Amino acid sequence: MRRTVVPVAWVTAICAALLSACGAQSVSTAPSPAPSPAAAAASEASNPYAMLAKLPDWGGVWDVTFRPPQPGEAAAPAPKFTPPYQKQWDKYQALNKKQPGLNFVSEVASCIPPGVPQSMTQPYPIEFLFTPGRVTILIETEGLTRRIYTDGSPPPENPDPSFQGTSVGHWENDTLVVETSAILPQTSPVNGINGHSDKLHVTERIHLVDPNTLEITTTRVDPAVFVEPYTTKAYYKRHRDWKIMEYVCEQNNHDALDANGNAAFSLKHKPGG
Amino acid sequence: MKLGNGLRVAAICAATLAVGDSAMAHHSTAMFEWGTEKTLSGTIERYEWTQPHTFIWLTVPGKQGKTREWGLEGMSPSWLGRRGWSLHSLSVGDKVAIVYYPLKDGRPGGFYVRVTGPDGKTLEALPTRNQR
């Protein structure tokens, strides 16, 4: 049985290889060296993956960095908040004055994932995958996934709110522009602020500023929180040799908030520890 | 490039505003005396190479032959693993000296900053000034 099946499989494979080699040869000897736009469109129609060759190289893994403003660059302005959110912000700033550093208490400490846009500036790296009509962002923190549809289809009507929201994107030359809405109102739109309305809309412009530095300009619009759109920039360093690792927050978390929502620290051994 | 102190603080403030506090850990550090370095010597009882944080459980000798267990949280395996640490950096029974930021409430715990192992080598466990 085995003796008959294997040769047939080999013959089939060789024939297939020969056929595809013939096909490749006929394309490579085509008279026109530069394919016409119509030919390119036809090629993309037959092979949607052909469009990926036009996209910039965002390979590797990207780690958000500590980058001071460069000469000629303005520092990020303070956000302008509506009164209720200004109150939250003032409380956070007072804490920062008393003890500089990490004073922002959020449910992320209890393993509730950060939402867009804060999920993009966690202390762990992110990576980009390009497939036809879609960019996928994989975030190491909490193993989050963002699906950004770039096929030109409109965003769905009234999507359910989610941590990473609903995203559509388009390419403006080498810049990916991402529009995100339907972000869960319990998430943080900016450090120091917990919560926002269901109207929060986030625009991200993502592009390379040098071969190994990615800049993401993030604009938040939510009339319930911000008096005017609030924009920040974050920079990411490329690490071609890094791999995204598994991140299961519940494995051994000692930092869940207490019953009053304050920062806490448990000294009890955890089953996953 | 040498920045004046004022300029450095301004640059750090601006960068913090741009990136945010999340550039350190998945939680606030309000429970620790962040930045106040203390030293502790003891024996590794457990070394948990886990998410979202690594943990060192240390047996520390006390008065009259008694010992006390300390719990010290550290950065995540993914963060440390990219900066020279591994699951095998510390072993049960190792005698170590640990620099840590203590808990504010006085319980025997904190956040580990650097660890000197039995071989005298020191591993940094937080970003130093020139990192990142």
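A: One term to begin with: a residue is buried if 20 or more other C-beta atoms lie within 10 Å of its own. The model is predicted.

Q: What should helix 3 of chain A span?
A: Helix 3 of chain A covers residues 83-98, and at 1.5 Å a residue its 16 residues should span 22 Å. Its end C-alpha atoms are 23 Å apart, which agrees.

Q: What else is in chain A, in helices and strands?
A: Chain A has three helices and nine strands. Along the sequence they follow the pattern α-α-β-α-β-β-β-β-β-β-β-β.

Q: And how much of chain A is buried?
A: Of its 273 residues, 30% are buried.

Q: Switching topic: which residues have the most contacts inside the largest nonpolar core?
A: Ile56(B), Leu58(B), Leu72(B), Ile98(B), Tyr100(B) and Tyr112(B), in a core of 33 residues.

Q: Which elements give two or more residues to this core?
A: In chain B, strand 1 (38-48), strand 2 (54-61), strand 3 (67-74), helix 2 (77-81), strand 4 (95-102) and strand 5 (109-116) do.

Q: What does Leu72(B) touch?
A: Leaving out residues up to four places away in sequence, Leu72(B) touches residues including Phe55(B), Ile56(B), Ile98(B), Gly110(B) and Phe111(B).

Q: Which residues does the second core include?
A: That separate core has 19 residues, among them Trp58(A), Trp62(A), Leu144(A) and Ala234(A).

Notes: Residues numbered from 1 in each chain as written. Chains lettered and ligands numbered in written order. Predicted model: local features only at pLDDT ≥ 70, side-chain atom pairs only at ≥ 80, totals over all residues. Helix = DSSP H or I, 4+ residues; strand = E, 2+ residues; numbered from the N terminus. Expected span 1.5 Å × (residues − 1). Core = buried A, V, L, I, M, F, W, Y, C linked by C-beta atoms within 7 Å. Buried ≥ 20, exposed ≤ 12 C-beta atoms within 10 Å, placed from the backbone. Contact = placed C-beta atoms within 7 Å.
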